[in-house]
Amino acid sequence: MLFRSNMKEMLELQRTLEQKIKSTRGKCALDCESIQEKEEMTKEFVIAIVAELIETLDWINWKAWRKTRIEITPERIYELKVELIDIQHFLNNLYLIWGMDEKEIKELYEKKHMENIKRQEDGY
């Protein structure tokens, strides 16, 4: 098992992958230093996330107008989950580009979570 479901370990694995990418391609997401480089890489990763989200739809019945339904098999569910992991890789890169560590991710997630809970309680 590569990690114990811990954001710190996921980010370390992502750093390792990025270092491997750098060794084969000469540059990676971790090389972004200027705001302009971070903006450009952010744009690329957001586009990649959108593409992966669209690919995720390929594995489910999302077309309301379609008369025939696709059987959702264990294999299709597995492929859908793999697409979600692809998205997580790109998110991890964004966290690293913008200097976020597991503590900041947790703090911001919890803050946003509480905000969303309050919105629901307030009838948002």
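# Cysteines, salt bridges and surface patches

The sulfur of C28 lies 8.1 Å from the closest cysteine sulfur, which belongs to C32, and this is too far for a bond. A disulfide is a covalent bond between the sulfur atoms of two cysteines. Here a disulfide is counted when a pair of cysteine sulfur atoms lies within 2.5 Å, and by this rule the structure has zero disulfides. C32 is likewise in no disulfide, since the nearest cysteine sulfur, that of C28, is 8.1 Å away. C28 is buried, with a relative accessible area of 5%; the terms are buried for under 20%, exposed for over 50% and partly exposed in between, with a 1.4 Å probe and protein chains only. C32 also counts as buried, at 10% relative accessibility.

The model is predicted: local features need a pLDDT of at least 70 and side-chain atom pairs a pLDDT of 80 or more, whereas totals for chains, interfaces and linings use all residues. Residues are numbered from 1 along each chain as its sequence is written, and side-chain values use heavy atoms, with hydrogens and water left out.

The next subject is charge. Side chains of opposite charge can pair when their charged atoms come close. How many salt bridges does the structure hold? There are six of them, where a salt bridge is a side-chain nitrogen of Lys or Arg within 4 Å of a carboxyl oxygen of Asp or Glu. One of them joins the side chains of D31 and K22, with a distance of 2.9 Å from N to O. The two partners of this bridge can be described by their accessibility. D31 is buried, having a relative accessible area of 18%, whereas K22 is partly exposed at 38% relative accessibility.

Helix α4, which comprises residues 102-121, contains another pair: K106 and E110 are four residues apart in this helix and are thus separated by about one helical turn. Helices are DSSP runs of H or I with at least four residues, numbered from the N terminus. The side chains of K106 and E110 meet in a salt bridge of 2.5 Å, N to O. E110 is partly exposed, and its relative accessible area is 38%. K118 forms a salt bridge with D122, and the closest N and O atoms of this pair are 2.8 Å apart. Here K118 is partly exposed, with a relative accessible area of 48%, while D122 is exposed, with a value of 54%.

Which residues form the negative surface patch? The patch is formed by E12, D101, E102, E104 and E107. Patches are made of residues with over 30% relative accessible area and no salt bridge, and like charges are joined within 9 Å. Helix α4 supplies the largest share of the negative patch, three residues. E107 is found in helix α4 and is partly exposed, with a relative accessible area of 44%. E102 is found in helix α4 as well, and at 30% relative accessibility it counts as partly exposed. E102 also shows how the chain folds back on itself in space: E102 and K8 are 94 residues apart in sequence, yet their C-alpha atoms are 5.2 Å apart.

L57, I60, W62, W65, I72 and I77 make a nonpolar surface patch of about 570 Å²; nonpolar side chains (Val, Leu, Ile, Met, Phe, Trp, Tyr) are joined within 5 Å, and accessible areas come from the Shrake-Rupley method with a 1.4 Å probe. L57 counts as partly exposed, at 30% relative accessibility.

Two further residues concern helices α2 and α3 and the loop between them. I70 is found in the loop between α2 and α3 and is partly exposed, with a relative accessible area of 23%. I70 and A48 are 22 residues apart in sequence, and their C-alpha atoms are 26 Å apart in space. K81 lies in helix α3, which comprises residues 74-97, and is exposed, with a relative accessible area of 51%. K81 and T56 are 25 residues apart along the chain, and their C-alpha atoms are separated by 8.1 Å.

Note on methods
Lys, Arg positive; Asp, Glu negative; His and termini not counted. Charge placed at Lys NZ, Arg CZ, Asp CG, Glu CD. Helix = DSSP H or I, 4+ residues; strand = E, 2+ residues; numbered from the N terminus.
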